[in-house]
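User: I would like to learn how to read the features of a protein model, one at a time. Could you take me through the general idea behind each feature and then the case at hand?

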Amino acid sequence: MKSAVAGLTAIVAAIIFVVVGIIGWSVGRGAVVASVGAVAVQVQTTVPHIYLTVATPDMLKTDVGPAVLPSAVTVPANSDVIVTIMNFDDVTPLTGAYTKFAIAAGIQGKFTSVIVNRANPNGPATAPAQTLAAVDPAIVSHTFTIPSLHLNVPLLASSRTTFTFHTGAAGTFEWHCQDPCGTGPAGWSGAMSVQGYMGGELTVI
Ligand SMILES: [Cu+2]
């Protein structure tokens, strides 16, 4: 009798083991499907984010002038794109007809500007981030301007600027700084007249 009870107990235990195993396997499969689904959703909703850096002539060891790195970027068509530009350069005031480039255009909402400590650019900001639609033309350092897309964002000295814009159809669009930060009597020579310094290309595919 004892051995019969023991045998029955063993069978019940085996059945429980199998059932728990099947449930565990199902839960495991469910988790895998769920995680695959989550990854797919994440891919669909992630907004492309491009990062640009404005380097000074001292950083580049060149006499040409400051440069935006990289000067050529590719982004998807008909999409929101986030752009962050870290500028290590100083002020070159916008004057005359160019003061209009102190006003942002062609972006979604406003842009955010954070003044950073150039000696510790990843460290704490020296002041709270500002959300802006325009700035004083006298404190502009460079602009990120794509004339054919009517897009313009002024960049402050020693700052990290972030904005979002919506791309349209595929194409290649020239961007150019509209602040006379170059050499020569009007500031439009040097970096301002050499492709790959204060001008470049946005490719939309
Ligand atoms: Cu410039």
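User: How many helices and strands does the protein have, and what pattern do they follow along the sequence?

Analyst: In this predicted model, the protein has two helices and 11 strands. Read along the sequence, these elements follow the pattern α-β-α-β-β-β-β-β-β-β-β-β-β. Among contacts between residues at least 6 apart in sequence, 70% join residues at least 24 apart.

User: What is the mean pLDDT of the protein, and how many of its residues reach 70 or more?

Analyst: The mean pLDDT is 86, and 79% of the residues reach 70 or more. Over residues 11-35, however, the pLDDT is below 50, and this stretch has zero contacts in the model beyond near neighbours in sequence.

User: How should I read a sheet, and which strands form the open sheet here?

Analyst: The strands of a sheet pair through backbone hydrogen bonds, in either the parallel or the antiparallel sense. Here six strands form an open sheet in the order E2-E1-E4-E9-E5-E6, with mixed pairing. Its edge strands are E2 and E6 (130-132), each of which pairs on one side only, and the twist averages 25 degrees from one strand to the next. Within this sheet, E1 (residues 49-55) and E4 pair in the parallel sense over six bridges, and the bridge partner of Leu52 is Ile85 in E4.

User: In which sense do E7 and E8 pair, parallel or antiparallel?

Analyst: E7 and E8 pair in the antiparallel sense over six bridges, with Thr143 standing opposite Pro154 in E8. The two strands form a hairpin with four residues between them. As for covering, E8 is mostly covered, five of its six residues being buried.

User: Which residues touch the most other members of the largest nonpolar core?

Analyst: The general idea is that, in soluble globular proteins, nonpolar side chains tend to be buried together. In this protein, buried residues make up 23% of the 205 residues. The largest nonpolar core holds 27 residues, of which Ile85, Val140, Val153, Leu155, Ala191 and Met198 touch the most other members. The elements that give two or more residues to this core are E2 (67-69), E4 (80-87), E7 (140-146), E8 (151-156) and E9 (159-166). Met198 itself, leaving out residues up to four places away in sequence, touches Pro66, Val68, His176, Cys177, Cys181, Gly182, Ala191 and Met192.

User: Why does Val54 count as buried, and which residues is Val54 in contact with?

Analyst: Val54, which has its place in E1, counts as buried because it has 26 C-beta neighbours inside 10 Å, where the cut-off for a buried residue is 20 or more. Leaving aside neighbours within four places in sequence, Val54 is in contact with Pro66, Val68, Ile85, Asn87, Phe88, Asp89, His142 and Leu155. The C-alpha atoms of Val54 and Asp89 are separated by 6.8 Å, although these residues are 35 apart along the chain.

User: Which residues does a cis peptide bond join?

Analyst: A cis peptide bond joins Leu69 and Pro70, with omega about -10 degrees. Pro70 lies in the loop between E2 and E3 (72-75).

Terms used. Residues numbered from 1 in each chain as written. Predicted model: local features only at pLDDT ≥ 70, side-chain atom pairs only at ≥ 80, totals over all residues. Core = buried A, V, L, I, M, F, W, Y, C linked by C-beta atoms within 7 Å. Buried ≥ 20, exposed ≤ 12 C-beta atoms within 10 Å, placed from the backbone. Contact = placed C-beta atoms within 7 Å. Pairing = 2+ DSSP bridges. Axes fitted to C-alpha atoms, helices over the stretch in contact; angles between N-to-C directions. pLDDT = per-residue confidence, 0-100.
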